[in-house]
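Here are some notes to go with your first look at this one. Have the sequence and the structure open side by side as you read.

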Amino acid sequence: MDTRDTPEQAELRRAARQLARELGPATVADLDDGARAKRLTGAVHDAGWLELRQDGGGGPVASGVESAIVADALGGAVADVAFTGPALAADLSRRAGCGATDSAVVGFAPNLIDPAVVPGRVAATPIYAVDAAEHVDVASVLVPTGPDYRLAQVQLDGPAEGADLTRVIRRIPAGASLADVHDQRRLLTHDDVAHWSALGLALTSADLVGLMRGVLDITVPYASERRQFGVPIGSFQAVQHLLAEARCLMEGSLSAALYASWAVDELAPDEACAAGRVAKAYCARAARTVCETAVQVHGGIGNTWECMVHVYLRRAVLSSQWFGDDGEQLLQIQRTRLGVDTPAAPSSGRPPGPAAPSSGRPPGPASG
Amino acid sequence: MDYRDSPAEAEFRARLRTWLADHDPGLPTSSTDDDYWAQQAEWHTALYDAGFFGLSWPGRYGGHDLPPVFDVILDQELAAAGAPPRPSLGYLVQGITTHGSDDIKDRFLPGLISGRERWCQGFSEPDAGSDLASLRTTASHDGDDYVINGHKIWTSYSDVADWCFLLARTDPDVPKHKGISAFAVPMHQPGIEQRPLRMINGITTEFGQVLFDGARVASENMIGAPGEGWRVAMTIVSHEREPGELGFVARYAKTVDDVEKEVRADPTTFRPDQLDEVAWAFVQAEMLRLHVCRRLSERLDGIQHGPGGSVDKLLMTWVEQTVGAAALAVSGPRAALDTEDVPLKVYLYSRAQSVMGGTSQVQKNIVASRVLGLPAP
């Protein structure tokens, strides 16, 4: 057992963080700088990171660990470039034995948890293409075939939308027609989809870890510079303790997310999903608290559009919902570990009952 | 990055699992039952004699020279077998190893590690809690000895200890951090009075007060140089804050397992909020297990976390208190009706975790100033 990065992984982590820091948005205004965003997209493409989950002969080019390292780095800089979406599309195509392509993204059900499953020729509900690259024009969906699935595609023609200012969601209205996929060599089994979901849980968790690190990297210096009562606000214990708690939450999240990323390719589908659920439950709850702390410490300016912290918070909202937030993971954990037989998750993705986990209780007891 | 056992780790795990199947002492949980402490010495020596304790410590002193991650395996297997956690004394070993002379190490480490000699830790005083450096217990030179006078409190297991790792003021004329020295004080002598304390969950064998009234300790039992006591204390408390050093992961996993078993017996009798608490306790305990894996792996690079131990202490505290809250939630009205209810005791004990080893407030001060580099208040 050795959870340290290999030398290659450490180098990838360093390079990805450097690239994201150099080319990601440093200000809200930078989000409108198309030339910068184009350089970022080109650099991610040139680095080969979009190919990490493509077929490398008997498995992906690189493991879930490498993909999570990139997701963490891009999240840390709120980098406005498609990565997790293309990685998930590549992974699903590889499992289906399709040829490598970067022109499709995976379509999701309205709960953003499950891949869109379309029995028949026409989609009955809207489909959401999450984190689609600009040039992508189709979304892949699953068509039940006996106990398995074949892939089909729907055209993307709706506008980009969503809370996250750094990643694109394209909404395909209900009634979209399916086109066949001709180069699928294998049907996708339930296990294939579960394994693919484990990748989704690991990458969204890694993105949240990066977001926590990144937002603290701008908030801690701000607390050291911003002065009130003649002293830096970061010298007040009340502020110090908020930031100390946030740092702890980030460290714990990283420990859980690293394991989930390793589990993707090393453990059986149910075990990989279990590791992903632990990570996602912890990271989603922690990221919410950490980003809220960042808004609070920035005070009034933290509640303005120009302040970068809401870019982190907004991205955290999408990364939490995508593949299920903390409440959804706890519900799944209750099913698998406690034998709880609950009805299918409500469309909001929230568990029933009075203690919706995101109702404000932070990962650490407030009193401790 | 690889979370799998290496061949050597797998062999160790299999050997440990086999041994545990025949040697689980069937002790109750350490945090809730006085009977645990009555038999803890036997558990320590049994674990040690079988070759499963002191894994990462030097062979010269009875350890096994193994990488620190072997302790992760030990904690996992102890939890899986429902066995008691490993004895929590790694921080004393670290203190003696870091600051003790060769003579001190040769004299004291083997007995400490094997469990043949029992230790307690005399740091806190009634007026020196978070402000430890203001301690007033004195050690006055007298011939070849020092004479100890003072009052220690929160001294765990003092009633069964052979030795006390004591901090005392040896020089009252220098700034408070510089006049403290550390000693290994023999506990079986006149001039030492024990006063047990009863914790809020009813157990009486964990905490005590110790009054030193003219007790003696040989000068050669000083650990570190005269005036080095504060640095010795900081080495010890930074390790005392690390869950990897304490082995508490096994205790949390066992409690979560007990709570989950109760829910699984009939999940329909629990409300959704209770189920959420149990699932969240599992998530927290699993996070801490993985965090310890990471921290102990980082030690392979020679990284000692120092103030980072305060990060880990806060995480551990949140985990223990989340697990305690889940136990209480599942117990429901039983906790109110039965003063011997184990989940009630687990919950009540968990409140101490944000105080012992340095309060959460002190830990946050340390993280703010020394990890985040925020300006001094």
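1. First, a term we'll need: a residue counts as exposed when its relative accessible area is over 50%, as buried when that area is under 20%, and as partly exposed in between. Keep in mind, too, that this is a predicted model.

2. Arg231(B) and Glu228(B) join their side chains in a salt bridge, at 3.6 Å from N to O.

3. Now look at Asp312(B) and Arg295(B), whose side chains form a salt bridge of 3.0 Å, N to O. Asp312(B) is buried at 2% relative accessibility, and Arg295(B) is buried at 10%.

4. Through salt bridges with shared partners, Arg247(A), Glu251(A), Arg294(B), Arg295(B), Glu298(B) and Asp312(B) make up one network.

5. How many salt bridges does the structure hold over all chains? The count is 51. Another of them pairs Arg107(B) with Glu117(B), where the closest N and O atoms are 3.3 Å apart. The two sit ten residues apart, Arg107(B) in helix α5 (residues 102-114) of chain B and Glu117(B) in the loop between α5 and β1 (119-122) of chain B. Arg107(B) is partly exposed, at 38% relative accessible area.

6. Over to chain A and its sheet. Seven strands make an open sheet with mixed pairing, in the order β5-β6-β2-β1-β3-β4-β7 (chain A). The edges belong to β5 (160-161) and β7 (179-180) of chain A; each has a single partner strand, so one side of each has no neighbour in the sheet.

7. Across from Ala152(A) you'll find Asp180(A) in β7(A).

8. Last, a helix to look for: α4 (residues 84-95) of chain A packs on this sheet. Helix α4 of chain A touches β1 (104-108), β2 (127-130), β3 (138-145) and β4 of chain A, and its direction is at about 95° to that of β1(A).

How values were computed
Residues numbered from 1 in each chain as written. Chains lettered and ligands numbered in written order. Predicted model: local features only at pLDDT ≥ 70, side-chain atom pairs only at ≥ 80, totals over all residues. Heavy atoms only, no water. Pairing = 2+ DSSP bridges. Helix = DSSP H or I, 4+ residues; strand = E, 2+ residues; numbered from the N terminus. Contact = heavy atoms within 4.5 Å. Axes fitted to C-alpha atoms, helices over the stretch in contact; angles between N-to-C directions. Salt bridge = Lys/Arg side-chain N within 4 Å of Asp/Glu carboxyl O. Buried < 20%, exposed > 50% of the residue type's maximum accessible area, 1.4 Å probe, protein only.
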